[in-house]
Amino acid sequence: AVVSTQSTGTLTAGKFFSAYLCCVLMAWGSFGLGSFLGSCVTDPQIALALTGPVCMLFLVFGGFLKSNEDGSVFTLLNEISWINKGYSFLMINEFTDLELNCENVTCSTINGTVGR
């Protein structure tokens, strides 16, 4: 697990081990999904072929790459996605109590707004 801090943020042992534990739990979730798919079919080649598309469903429609605020049918994937929950935890862990120094930063604006 790679944990980085910026500006005046400090890396504590608690933050590091929390991030490490989160990555381990996400790996176990992936292993569990692979085991589940492997037990559902009899041929290992079919299980291997199913794992990639199922993981892509969780990546694309689980809220990591696409917002599910529109109430689509894929909102359930957002609720059960270990990838989304793990990413959210890692971002909260990284940016809690982080003070960024933005005094000498030049931001570009589009139509008068920053970042849009």
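Analyst: Let's start on the surface: L21, L25 and W28 make up a nonpolar patch there, with about 360 Å² of accessible area together. A patch is built from residues with over 30% relative accessible area and no salt bridge, where like charges are joined within 9 Å and nonpolar side chains (Val, Leu, Ile, Met, Phe, Trp, Tyr) within 5 Å. A salt bridge here is a side-chain nitrogen of Lys or Arg within 4 Å of a carboxyl oxygen of Asp or Glu. Areas come from the Shrake-Rupley method with a 1.4 Å probe, and for residues only the protein chains shown count as cover.

Before going on, keep in mind that this is a predicted model: local features need pLDDT of at least 70, side-chain atom pairs count only at pLDDT 80 or more, and totals for chains, interfaces and linings use all residues. Residues are numbered from 1 along each chain as its sequence is written, and side-chain values use heavy atoms, leaving out hydrogens and water.

L21 sits in helix α1, a helix being a DSSP run (H or I, at least four residues; strands are E, at least two), numbered from the N terminus.

Now for the rings. Phe, Tyr and Trp (its six-membered ring) pair if their centres lie within 6.5 Å; planes under 30 degrees apart are stacked, over 60 edge-to-face, the rest tilted. That rule gives 2 aromatic pairs. F16 and F17 have ring centres 5.1 Å apart and planes at 75°, so they are edge-to-face. F16 and Y20 are stacked, because their centres are 6.4 Å apart and their planes at 20°. These two are 4 residues apart in α1 (residues 13–40), about one helical turn. Residues three or four places apart point the same way, because an α-helix has 3.6 residues a turn. Together, F16, F17 and Y20 form one aromatic cluster.

How covered are they? F17 is exposed at 53%, while F16 at 30% and Y20 at 44% are partly exposed. (Buried is under 20% relative accessible area, exposed over 50%, partly exposed in between, with a 1.4 Å probe and protein chains only.)

What about the buried residues of α1? They are K15, A19, C22, L33 and L37, and they pack against α2 (44–61) and α4 (82–95).

Note on methods: Contact = heavy atoms within 4.5 Å.
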